[in-house]
Amino acid sequence: MNPDDPAKKSQEFFGMFLKAKEFTEELLKENERLRFKVAHLEAEDGAPAESADATVRDLSRRIRELEERLSHTEERYRKVEEENKEFADRYIEIEEQNNNLANLYVASYQLHSTLDYREVVRIVQEIVINLIGAEAFHLFMVSEKTGRLDLEISEGQPAPITTIPMGEGIIGMAAKTGENYFAEQVAHGKPTPFDQPIAVIPLKIKETVIGVLTINKLLVQKTAFTIMDYELFTLLAGHAATAVFSAKLYSTSERKLTTLQGFLDMIKTPAK
């Protein structure tokens, strides 16, 4: 077994807890027994004074030693408990990261499994719902003709407009700069206004923005985005951008090929 295995470490911490608990209980019992013996000796009438005093002093010394050991043990127990809590939190975080990476792997496989543009867009929509957990969002693509952001899909919220100039507002500025935007306030009972999303994720091929994903409400009421969310958004945006770009390029090539084939057929067809 790997010495860094989380399950083994968890068992070791649990074993330390049990030993510390048993040792603490033994110290408490010994402390109580010695205190009772001191009280009993002090109450005895027939014991020689010097002998009784020496015994009391010896027992008092042992009691102080036990109390010091008890205090030291409790301090160690507290530190181990804190370390165990930190370890448990980290273990949960790693498990969540592993799950997200596994889901991202499946999602990226789905994205690159087809070159049909409409199918790729549909898969992106499903991933945003199931993996990111978005309830209201919009996907824009940069128009090759106008250079503006054209609305491709909307989910959970009607879009009042279908096109946004590059650099205009939060959405247009994120598309222009290629930088992610995340709002400070994430938890909302209803979707935020269309032009005030809680997150804007540019879809980029290297440094070229080909579209943006805007999120206006999450299914899970988070109070703030985490570092894990930032990484997940960035990775997903990269995969989505590549898949969408490839599918769009393939669709354009197919149309041009069909048109060219039509011309060739016309040329080959003998005039009657």
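Is Arg118 buried, partly exposed or exposed? Select Arg118: at 47% relative accessibility, this residue counts as partly exposed. Here, buried means under 20% relative accessible area, exposed means over 50%, and partly exposed lies in between, with a 1.4 Å probe and protein chains only.

The model is predicted, so local features need pLDDT of at least 70 and side-chain atom pairs count only at pLDDT 80 or more, while totals for chains, interfaces and linings use all residues. Residues are numbered from 1 along each chain as its sequence is written, and side-chain values use heavy atoms, with hydrogens and water left out.

**First stop: Arg118 and Glu152**

Glu152 forms a salt bridge with Arg118, and their closest N and O atoms are 2.5 Å apart. Glu152 lies in strand β2 (residues 149-155) and Arg118 in helix α3 (residues 117-132), so the pair ties together parts that are 34 residues apart in sequence. Glu152 is partly exposed, at 22% relative accessibility. A salt bridge is a side-chain nitrogen of Lys or Arg within 4 Å of a carboxyl oxygen of Asp or Glu; the structure holds four of them. Helices (H or I, at least four residues) and strands (E, at least two) are DSSP runs, numbered from the N terminus.

**Second stop: Arg122 in helix α3**

Next, select Arg122, Glu119 and Glu126. Arg122 forms a salt bridge with Glu119, with the closest N and O atoms 2.5 Å apart; both lie in helix α3, three residues apart, about one turn of the helix. Arg122 also forms a salt bridge with Glu126, where the corresponding distance is 2.3 Å. Salt bridges that share partners join Glu119, Arg122 and Glu126 into one network. Arg122 is partly exposed at 34% relative accessibility, as is Glu126 at 36%.

Now select Val128, Leu213, Leu236, Ala237 and Ala240. Of the 13 residues that line the largest cavity, these lie nearest its centre. A cavity is a set of points on a 1 Å grid over the protein atoms alone where a 1.4 Å probe fits but cannot get out, and lining residues have an atom within 4 Å of a point. The largest cavity has a volume of about 90 Å³, a volume being the space filled by probe spheres set on the points, which are joined across faces, edges and corners. Helix α3, strand β5 (199-205) and helix α5 (227-268) each supply at least two residues of the lining.

Technical notes. On a 1 Å grid over the protein atoms alone, a cavity is a set of points where a 1.4 Å probe fits but cannot get out, and a pocket is an open set with protein on both sides within 12 Å along at least five of seven lines; lining residues have an atom within 4 Å of a point.
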